[in-house]
Amino acid sequence: PGTYSVFYQVISNQGCSSDTLLLEAIEILPQPWGGFNIGPEDLLGQQTIDLEDQSFGGVSWEYDFGDYSTSDESNPSHTYVGGGQFTIQQVVTNEFGCTDTAYRSIRINPEMLIYVPNAFTPDNDGRNDVFKPSLTGFPLSEYELTIHNRWGEKVFESINIDVGWMGEVRGGSHYAE
């Protein structure tokens, strides 16, 4: 940034020349520098992130969080709903209207929930007849459900998350022996 003079000289094909000095002809305005930190970086869904402004020379800020939400605070907080990869954009503007843009990506892991019931009623009344865990928020690469009786003998096994135990023990009985 600063003010600069310009000197130029023109020479014709016949060797005639002319020159001019223009004092303080060009003014270069200072440019702001964008930058910010994100905390925390390892997130599960619906957790709040805090952005710490690391820019220089700005008088205003505009953040785009990549999920249709924005903020004009210098150090904003934001809560993502659900998971995904998001690119956060910061535009810093100085007093002359000059801007700089900084980008950071963040991965929000979906909230992972595992629910295992502590009881069920395998009496074929159509309510709560099957024992199986409920898993949400993450893809499964493997699954195994094994049920053992009180003596450690295996009475049920499934590798399909959609197949639960209906209380069968030895020959289809719904009651433990």
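The loop between β11 (113–115) and β12 (134–136) contains Asn-124. In this predicted model, the phi angle of Asn-124 is near 60°, a positive value in a residue other than glycine. Asn-124 is also exposed, with a relative accessibility of 54%.

A positive phi value occurs at Glu-24 as well, where the angle is near 50°, again in a residue other than glycine. Glu-24 belongs to a strand, namely β2, which spans residues 17–28. The relative accessibility of Glu-24 is 64%, and the residue therefore counts as exposed, the threshold being over 50%.

Attention may now turn to the sheet. Strands of a sheet pair through backbone hydrogen bonds, in either a parallel or an antiparallel sense. Here, three strands are arranged in the order β3-β5-β8, forming an open sheet with antiparallel pairing. Its edges are formed by β3 (36–39) and β8 (77–79), each of which pairs on one side only. From one strand to the next, the twist averages 25°. Strand β5, comprising residues 48–53, pairs with β8 in the antiparallel sense over three bridges. Within this part of the sheet, Ile-49 stands opposite His-78 in β8.

The cysteines remain to be considered. A disulfide is a covalent bond between the sulfur atoms of two cysteines. Zero disulfides are found when the whole structure is searched. As for solvent exposure, Cys-16 has a relative accessible area of 51% and is exposed, whereas Cys-98, at 21%, is partly exposed. The value for Cys-98 does not count as buried, because that class requires a relative accessible area under 20%.

Technical notes:
Residues numbered from 1 in each chain as written. Predicted model: local features only at pLDDT ≥ 70, side-chain atom pairs only at ≥ 80, totals over all residues. Heavy atoms only, no water. Disulfide = S-S within 2.5 Å. Buried < 20%, exposed > 50% of the residue type's maximum accessible area, 1.4 Å probe, protein only. Pairing = 2+ DSSP bridges. Helix = DSSP H or I, 4+ residues; strand = E, 2+ residues; numbered from the N terminus. Axes fitted to C-alpha atoms, helices over the stretch in contact; angles between N-to-C directions.
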